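Look over the sequence and the structure below before reading on. The briefing then goes through selected features, grouped by topic.

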Amino acid sequence: MKLYYTPNSPYARMCRITAELAGVNNDLELEWVTLRSPDNPVIALSPLGRVPLLVDGDVMLTEARHICAYLDEKGGKSPTVAVYGDWQALSSEAEALAFLDAVTVWSREVRRGQDVQSDFLLEVADEQVRRELAHIDKTLSVPAGDPPLTFETISLLTALGMMRFYELMPDWRETYPNVAAWSDAYDVIPIVASTAPRADALRPLVR
Ligand SMILES: N[C@@H](CCC(=O)N[C@@H](CS)C(=O)NCC(=O)O)C(=O)O
């Protein structure tokens with residue numbers, strides 16, 4: 001199996017974490033691609049050229065959630081992704097993934113030149129993300145033992161990782177202390193730590 005990825009893509013990070021949990025890391029070849037470049041090999045497979053993209057023989061999958069479900073199935077261990085029918089878990093997953101989407105949009109905007117950044121977008125993102133943080137600060141319970149890694153918690157931890165890496169909200173730890181404690185419990189897990197976004201993998205944002 002081959003996973004096309006970039007080290008700082010949170011969606012690809014979710015797949016890398018899931019591959020480790022599923023025990024299929026050794027069967028997974030990782031190919032680091034350059035997004036929005038004519039040399040991006042993903043474009044020949046999927047015109048949008050987005051990562052993550054997984055290829056396994058005739059199977060080609062985009063979308064982190066589908067890839068994680070596939071890796072779950074390959075590993076045959078307890079699945080990270082909720083099944084249809086478990087509507088509460090699916091709803092929680094969707095909320096966490098939408099939070100990651102909002103943080104990702106915001107992080108991309110701050111990577112553009114300051115003179116071209118949209119105040120509108122930055123304000124909307126800040127308000128939206130703060131609403132979610134305020135909500136999860138009340139509802140998240142900080143795990144007492146081994147933190148459960150599911151598609152929902154992996155979405156959340158990658159979103160918080162992006163927020164920190166791009167320094168989107170300097171006051172988040174003080175304003176949302178329960179979220180900070182939750183995040184600290186996850187960040188020490190080896191596969192979570194080893195897949196965190198890295199300054200040396202940052203590439204200029206080009207069209
Ligand atoms: N909904 C997709 C989102 C994937 C996505 O947005 N990937 C970004 C990188 S984080 C990407 O490849 N963007 C293409 C680009 O920037 O040109 C998923 O869940 O996998």
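Predicted model: local features only at pLDDT ≥ 70, side-chain atom pairs only at ≥ 80, totals over all residues.

Residues are numbered from 1 along each chain as its sequence is written, and side-chain values use heavy atoms, with hydrogens and water left out.

**Helix 3**

- Helices (H or I, at least four residues) and strands (E, at least two) are DSSP runs, numbered from the N terminus.
- Helix 3 covers residues 64–75, and its end C-alpha atoms are 16 Å apart.
- Buried means under 20% relative accessible area, exposed over 50%, and partly exposed in between (1.4 Å probe, protein chains only).
- The buried residues of helix 3 are A64, R65, I67, C68, Y70, L71 and D72.
- These buried residues pack against several elements, among them strand 1 (2–5), helix 1 (10–22) and helix 4 (87–110); contact means heavy atoms within 4.5 Å.
- Just after helix 3, G76 has a positive phi of about 70°.

**Charged side chains**

- A salt bridge is a side-chain nitrogen of Lys or Arg within 4 Å of a carboxyl oxygen of Asp or Glu. The count by this rule is 11 salt bridges.
- Lys and Arg count as positive and Asp and Glu as negative, while His and the chain ends are not counted.
- D72 is buried but has no salt bridge, and the nearest side chain of opposite charge, R65, is 8.2 Å away.
- Leaving aside neighbours within four places in sequence, D72 is in contact with T18, A22, K77, P79, T80 and V81.
- K74 and D56 form a salt bridge, with their closest N and O atoms 3.0 Å apart. The pair links K74 in helix 3 to D56 in strand 3, 18 residues apart.
- K74 is partly exposed at 45% relative accessible area, whereas D56 is buried at 17%.
- E63 and R50 also form a salt bridge, with closest N and O atoms 3.0 Å apart.
- E29 and K2 meet in a salt bridge of 3.8 Å, N to O. E29 lies in strand 2 and K2 in strand 1, so the pair ties together parts 27 residues apart in sequence.

**Aromatic rings**

- Rings of Phe, Tyr and Trp (its six-membered ring) pair if their centres lie within 6.5 Å; planes under 30 degrees apart count as stacked, over 60 as edge-to-face and the rest as tilted.
- The count by this rule is 3 aromatic pairs. One of them is the tilted pair of W182 and Y186, 4.1 Å centre to centre with 35° between the planes.
- W182 and Y186 are both in helix 8 (residues 177–187), 4 residues apart, and both are buried.
- The charged end of R65 sits over the ring of F151, 5.9 Å from its centre; the rule asks for NZ of Lys or CZ of Arg within 6 Å of the ring centre and within 35 degrees of the ring normal.

**Backbone details**

- The peptide bond from V51 to P52 is cis, with omega near 0°. P52 is in the loop between helix 2 (42–45) and strand 3 (53–56).
- R36, a residue other than glycine, has a positive phi near 55° and is partly exposed at 32%.
- E167 has a positive phi of about 50° although it is not a glycine, and E167 is exposed at 65%.

Terms used:
Expected span 1.5 Å × (residues − 1).
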